[in-house]
Amino acid sequence: MTVESTAARKPRRSAGGKASTTGTKRTTRTTAKKGSETQLVQLLTPEGKRVKNAADAEYASYVDGITADELRALYRDMVLTRRFDAEATSLQRQGELGLWASLLGQEAAQIGSGRATREDDYVFPTYREHGVAWCRGVDPTNLLGMFRGVNNGGWDPNGNNFHLYTIVIGSQALHATGYAMGVAKDGADSAVIAYFGDGASSQGDVSEAFNFAAVYNAPVVFFCQNNQWAISESNEKQTRVPLYQRAQGFGFPGVRVDGNDVLASLAVTRWALDRARRGEGPALIEAFTYRMGAHTTSDDPSRYRHDDERAAWEAKDPILRLRRHLEADGHADEAFFGELEAESEALGRRVREVVRAMPDPDRFAVFENVYADGHALVDEERAQFAAYQASFADSEGV
Amino acid sequence: MSQTVKNLALAKAINESLRRALETDPKVLVMGEDVGKLGGVFRVTDGLHKDFGEDRVIDTPLAESGIVGTAIGLALRGYRPVVEIQFDGFVFPAYDQIVTQLAKMHARSLGRVKLPVVIRIPYGGGIGAVEHHSESPEALFAHVAGLKVVSPSNASDAYWMLQQAIQSDDPVIFFEPKRRYWDKGEVDTEAIPGPLHTARVVREGTDLTLAAYGPMVKLCREVADAAAEEGRSLEVLDLRSVSPLDFDAVQASVEKTGRLVVVHEAPVFFGSGAEIAARITERCFYHLEAPVLRVGGYHAPYPPARLEEEYLPDLDRVLDAVDRSLAY
């Protein structure tokens, strides 16, 4: 287990100089508690070297037998996801999308955790889980409808056990927990994984989800991508303790993993899903990563963070790190990288073409699916809208 | 009395309805605070925990957002959760989940996902309770597309409307008139019910229409009795459903009487009465002999119990509105 420097903790304020009734002097604690050093599970260094650490042996055992093919597949996933993400950002800049939330920098956390899931597991994402969607087999172009404004969720959640993107921060943690309670009631051995970020950790719903999951021993894994920034607010504005340590207070394990290390993300998520399936309840994974880009295409990070911070994280790039590892071990040659480059470009082209051809929805779609069993007012307003639309036909002589 | 007809208090009718739902559909769950061994603070779930077990009658942590949020997840898994919110004023921690998720997920999914969740809320005043225990927030839910909002006024409707709400594939906010929990009425557990979202004429009349739902229906019947002694014939309409609202039934009645007074406990300002007044004015403009009048709560926080009689619509306040309408 590698130990990162513990964030400096502010001393607590003393009790305001009030005289103690017992007459004993109260002392102000200024030192961090023993055992509060932050852990970080890392299996692949930024230089691409495998870390063998006795403390992480249990996690490492989940990827011990990983083959060169599997490593190349993880690399391919990350490269294609990044290419798709870049294309979407470009499409927003070209006016084809109204907004895009980039996952740049978070590929390892998403591909590692996404590839740890089983087909019958269920995933509850935020709006940034494009890499997880990729792992679940959701066509990436289906993710773009909501960002283009043609729908609010364009895929069948039950088609790939990948729920719709949830925009309200942290709400889906409760949905995942409820779903997991249902899995347990059904006696199934699948598991559920809820994604959220460091900002969401401040939401009451996330704490309620932790507590419900613990109380009902629900088979749910909470996967927090701590990308250091909740739009403009740093971790310091969200928490006084490392996020993974919150789990302890709720009664389940929490682990901080190097979120830029795809191997460690895969291993730790496999571990957590596995114990959930065995009936051992929830776990919290804090994937320590970095949002390399803006929060969304509407954001301007230059107003709140320095370029040198980004540069430091670039050195820990998840894709570069696995490439170094593949090359050092002779697992991938120029032909592999060349073919992948061509595949990436083809994906970018396809995404571009599909988005540009994406039609606007029918104007009557407003009234569709408001209710499953219908509603008299919706019917009435649809009819009024139709009559209003029809009134133009006469004036236009159609 | 046939064997299938029982004389039940409204709370007991809901209890029997829940029992029937639990018996007939293994996917139905009851969840909420104190709904287990205690049987709920109003004993509405009495005995269900004992007979169906904690796997189906679930005592939850005290967190309303958590209750509704996990109910959504359970519904996504194929369950039909019936959630109890302990009191009207405690629903607001769950308001975000109800409005942003429960109401919109079906549309968001282009119809692929259904959320058959019922949220039972004892509501309204008249029981001398402390703050947050007497409110009528139905308009806050009726305003949200994707939700259905109903409120029974009697034991039979409580039984059957809850059956229908549980069978509905849409989320239904089920407002229970807590001050009528102990009112008894006949419930025929085999009678084929009418549609959930239709109003019912509970007393025919010719001079004026009183429209109400939930706890105010009983009051309106009393008003009609009192008015009859003065030679006035009032029609009483039990709306039963607030969203959708059976405007056809209101229109039919107003076309006959020419006058309408809407009564609810909720504040008048932006209340359901405002919507009814606007739509009925539009539909019945040439039939109306007087403007649509409303009787309800004031634009003030629900008052301390010693003042609630001043705040709540009562016989005299409704009769006063009837007089004003008839004076036009």
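At 1.5 Å a residue, the 16 residues of helix H7 (residues 171-186) of chain A should span 22 Å, and the end C-alpha atoms of this helix are 23 Å apart, which agrees. The model is predicted.

**Helix H7 of chain A**

- Of the 16 residues of H7(A), 15 are buried, so this helix is largely enclosed by the rest of the structure.
- Gly187(A) follows H7(A) and has a positive phi, near 70°.

**Chain A as a whole**

- Chain A has 14 helices and 9 strands.
- It has 398 residues, of which 44% count as buried.
- Take the contacts in chain A between residues at least 6 apart in sequence: 75% of them join residues at least 24 apart.

**The largest nonpolar core**

- The largest nonpolar core contains 193 residues.
- Ala194(A), Ile285(A) and Leu210(B) are the residues with the most contacts inside this core.
- Helix H10 (residues 262-277) of chain A gives the most to the core, with 10 residues.
- Beyond its neighbours within four places in sequence, Ile285(A) is in contact with several residues, among them Val221(A), Phe222(A), Phe223(A) and Cys224(A).
- Val268(A), Thr269(A) and Ala272(A) are also among the contacts of Ile285(A).
- In soluble globular proteins, nonpolar side chains tend to be buried together.

**The five-stranded sheet of chain B**

- Chain B has an open sheet of 5 strands in the order S9-S11-S10-S13-S14, with mixed pairing.
- Its edge strands are S9 (200-203) and S14 of chain B, each of which pairs on one side only.
- On average, neighbouring strands of this sheet are turned by 25° against each other, direction ignored.
- Strands of a sheet pair through backbone hydrogen bonds, either parallel or antiparallel.

**Strand S13 of chain B and its partners**

- Strand S13 (residues 260-267) of chain B is mostly covered, with 8 of its 8 residues buried.
- S13(B) and strand S10 (residues 208-212) of chain B run parallel and are joined by 3 bridges.
- Leu210(B), one of the residues with the most contacts inside the core, has Val261(B) as its bridge partner in S13(B).
- S13(B) and strand S14 (residues 293-297) of chain B also run parallel, joined by 4 bridges.
- Pro267(B) has Gly297(B) as its bridge partner in S14(B).

**Helices beside the sheet**

- Helix H10 (residues 272-283) of chain B makes a right-handed β-α-β unit with S13(B) and S14(B).
- Helix H8 (residues 216-229) of chain B lies across S9, S10, S11 (234-238) and S13 of chain B.
- H8(B) runs at about 170° to S11(B).

Notes:
Residues numbered from 1 in each chain as written. Chains lettered and ligands numbered in written order. Predicted model: local features only at pLDDT ≥ 70, side-chain atom pairs only at ≥ 80, totals over all residues. Core = buried A, V, L, I, M, F, W, Y, C linked by C-beta atoms within 7 Å. Buried ≥ 20, exposed ≤ 12 C-beta atoms within 10 Å, placed from the backbone. Helix = DSSP H or I, 4+ residues; strand = E, 2+ residues; numbered from the N terminus. Contact = placed C-beta atoms within 7 Å. Pairing = 2+ DSSP bridges. Right-handed = clockwise from strand over helix to strand, strands pointing away. Expected span 1.5 Å × (residues − 1). Axes fitted to C-alpha atoms, helices over the stretch in contact; angles between N-to-C directions.
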